[in-house]
Amino acid sequence: MTAFDFSEVPTLETDRLLLRRIMMTDHNDWLAVWHSPGVLDYLVDFEGRPQGEVAREIIDWADGIFADGTGIRWAITLKPTDRMIGSCGFHLYEWRHQRAEIGYELHSDYWRQGIMSEATRAVLQFCFDQLGLHRVEADVVEGNVASAALLKKLGFTLEGIWRDRVFKRGAFHSLWQFGLLAPEFRARRKTLSGA
């Protein structure tokens, strides 16, 4: 059972980052993330380059999953600024099955700096510690080796391939299915902390 009641989006803090609620004022910054080089290469949520109305719809989606108690999507901000440079969160949260799916994207100016690893680790800690999840899943478009490497670094296991799972931009795309279980997360955290 979870003690988290979805009454207010919590702020998550790491050494370098603040993960906070996404607001309508983040509209232009989120568009800038999606328009940065390489971000859309493996992101099959959009048919083309998202424009202004799409950003507003996605912010409404983020508010909606929180209101429904099925997920939280956080804006990733680099201290001490409050500017959104990406997002990370969970959705498809199912209390009965104690599982959720995570997703993320980051402006390409901030790639290869460990930022997404730091943000995702904070979200995983929230999922396992605050929600009491047993399993966190992630779907990665086949070929996205950077995202797959991130998940493996965080302790996820590649469990299989969903062949031709989604149809976007005129083609079918297969998805790599990753999973991380609570005992694996806790064992890894204990090892990393040296406890």
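The model is predicted; local features require pLDDT of at least 70 and side-chain atom pairs pLDDT 80 or more, while totals for chains, interfaces and linings use all residues. Residues are numbered from 1 along each chain as its sequence is written, and side-chain values use heavy atoms, without hydrogens and water.

Helices (H or I, at least four residues) and strands (E, at least two) are DSSP runs, numbered from the N terminus. Helix α2 comprises the 17 residues 52-68, which should span 24 Å at 1.5 Å a residue, and its end C-alpha atoms lie 25 Å apart, in agreement; the expected span is 1.5 Å times one less than the number of residues. Ala55, Ile59, Ala62, Ile65 and Phe66 are the buried residues of α2 (buried: under 20% relative accessible area; exposed: over 50%; 1.4 Å probe, protein chains only). Because these buried residues fall within an arc of 125 degrees down the axis of α2, they line one face of the helix; the arc is that of the directions from the helix axis to the C-beta atoms. They pack against α1 (27-35), β3 (72-78) and β4 (84-94), with contact meaning heavy atoms within 4.5 Å. The face turned away from the buried side carries exposed Ala67 and Asp68.

In strand β5 (residues 99-106), 7 of the 8 residues are buried, so the strand is largely enclosed by the rest of the structure. β5 pairs with β4 in the antiparallel sense over 7 bridges (pairing requires at least two DSSP bridges), and Leu106 in β5 is the bridge partner of Gly86. β5 also pairs with β6 (residues 135-141) in the parallel sense over 3 bridges.
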